[in-house]
Amino acid sequence: MKTTSVTSLLLLVLISVHGSVESNDVLYPYGHDQGDEVTPTEDDGTSGEVQLSIEFKFFGKKYKSLHVNNNGVISFNMAVSQYTPDAFPLTNGETFVTPFWGDVDNDLGGTVYYRESTDPDLLQKISEDMKEHLPVLHYRATWAFVATWDKVAYYGSASKKVNTFQAVLTSDGYNYIAILNYGDIQWTTGTASDGDAYTGLGGTPAQAGFNSGDDTHYFNIPGSRTNEVLKIETTTNVNYPGRWVFQVDDFKVPGGCIFQAKFAKEGEDFWSEASCSTKCRCQGGKVSCAEEKCPGSGTCEASGSFFTCKIQDKGCF
């Protein structure tokens, strides 16, 4: 059982007064004026089971309820109080959409909002965005569920660092989409996950992506469970920094391919391992690979989720 220090409790006041850098316009509207409900203000808390007015299809299964969990997870089968993230895939039936699975403690600062919505303005905005991100779907949203973690602190915090991020589930009655939006991200890890109380870094950093409950459909946003997840607000698969979009009734990720549960950009070459001996390419949503070593004059370096062969600071193609 985790305990909260006096220092951490004092920071609740500091965070409430000073707040954080305001989120960018990647987020959809949220808050009390949007009719949002809130989860309990407690460490490792949850909304409890939230009934939905539709059945949301998630990789072959339909769900009529979900849980919004303080630690950055929307879950379908059960509430989630676990604060240190496990690596995907999880194969014990845990079905997650995870914008930022880390040790949130909104008792120290921040609010977790959520609502189901058929508001015409929200649906129009989502439809316009999907026209840009997924033009082949001709998508017109008829339903949405919006969960927002607003300026939330981390467990054991001895700083004023807070995160703002959002998960949106939406459907047009035929297609089912998950949108993960990132505002200002300042920390990755709570102290119970071996993070530093003053920096919010180190230990086991946050996980982002989704997991279908078995080993068939899962995805890790680049940087998950590494220090690089701190930069998640600058990444995207739809050419819109801070936003990731997934079609979750089918295994589709716009803008690239899924390879080894990681994201490979469309049309880009990459090496799949640290020895740079297997060169791959994402083309038409599929990855093809062949044995090809990085020349002796080159260096094999980490690049995003994979590796690149660099020769005199130029990519090896």
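User: Hi! Which cysteine does C294 form a disulfide with, and how far apart are their sulfur atoms?

Analyst: Hi! C294 forms a disulfide with C309, and their sulfur atoms are 2.0 Å apart. A disulfide here is a pair of cysteine sulfur atoms within 2.5 Å. This is a predicted model, where local features need pLDDT of at least 70, side-chain atom pairs count only at pLDDT 80 or more, and totals for chains, interfaces and linings use all residues. Residues are numbered from 1 along each chain as its sequence is written, and side-chain values use heavy atoms, with hydrogens and water left out.

User: Is C309 buried or exposed?

Analyst: C309 is buried, because its relative accessible area is 0%. The cut-offs are these: buried means under 20% relative accessible area, exposed means over 50%, and partly exposed is in between (1.4 Å probe, protein chains only). C294 is buried as well, with 15%.

User: How many disulfides are there in the whole structure?

Analyst: A search of the whole structure finds 3 disulfides. One of them joins C276 to C300, with an S to S distance of 2.1 Å. C276 lies in the loop between β15 (269-271) and β16 (278-283), and C300 lies in strand β18 (residues 299-303), so this pair also links distant parts of the chain, 24 residues apart. Another is formed by C280 and C289, with sulfur atoms 2.1 Å apart.

User: What kind of bond is a disulfide, by the way?

Analyst: It is a covalent bond between the sulfur atoms of two cysteines.

User: Which hand does the link of C280 and C289 have?

Analyst: The link of C280 and C289 is right-handed, with 110° about the S-S bond. The link of C276 and C300 is right-handed at 75°, and the link of C294 and C309 is right-handed at 70°.

User: Why does C289 count as partly exposed?

Analyst: C289 counts as partly exposed because its relative accessibility is 39%.

User: New topic! What is the bridge partner of Q51 in β3?

Analyst: That is S65. The strands β2 (residues 46-58) and β3 (residues 61-69) run antiparallel and are joined by 7 bridges. Two strands count as paired if DSSP finds at least two bridges between them. The C-alpha atoms of S65 and Q51 are separated by 4.3 Å, although these residues are 14 apart along the chain.

User: What happens at F59 in that hairpin?

Analyst: F59 takes a positive phi near 50°. The hairpin of β2 and β3 has 2 residues between the strands.

User: Back to S65. What does its side chain make a polar contact with?

Analyst: The side chain of S65 makes a polar contact with the side chain of E49, at 2.6 Å. A polar contact is a pair of N or O atoms within 3.5 Å; within protein, one must be able to donate a hydrogen and the other to accept it, and residues adjacent in sequence count only if both atoms are side-chain atoms. S65 is buried, at 10% relative accessibility. Leaving aside neighbours within four places in sequence, S65 is in contact (heavy atoms within 4.5 Å) with E49, V50, Q51, L52 and F76.

User: And R243, which strand is that in?

Analyst: R243 is in strand β12 (residues 243-247). R243 is buried, at 2% relative accessibility. The R243 side chain makes a polar contact with the side chain of D129 at 3.2 Å, and one with the side chain of H133 at 3.2 Å. Not counting residues up to four places away in sequence, R243 touches several others, including Y28, I179 and T235.

User: Last one: how many helices and strands does the chain have?

Analyst: The chain has 2 helices and 20 strands. Buried residues make up 52% of its 317 residues. Among contacts between residues at least 6 apart in sequence, 60% join residues at least 24 apart.

Technical notes
Helices (H or I, at least four residues) and strands (E, at least two) are DSSP runs, numbered from the N terminus.
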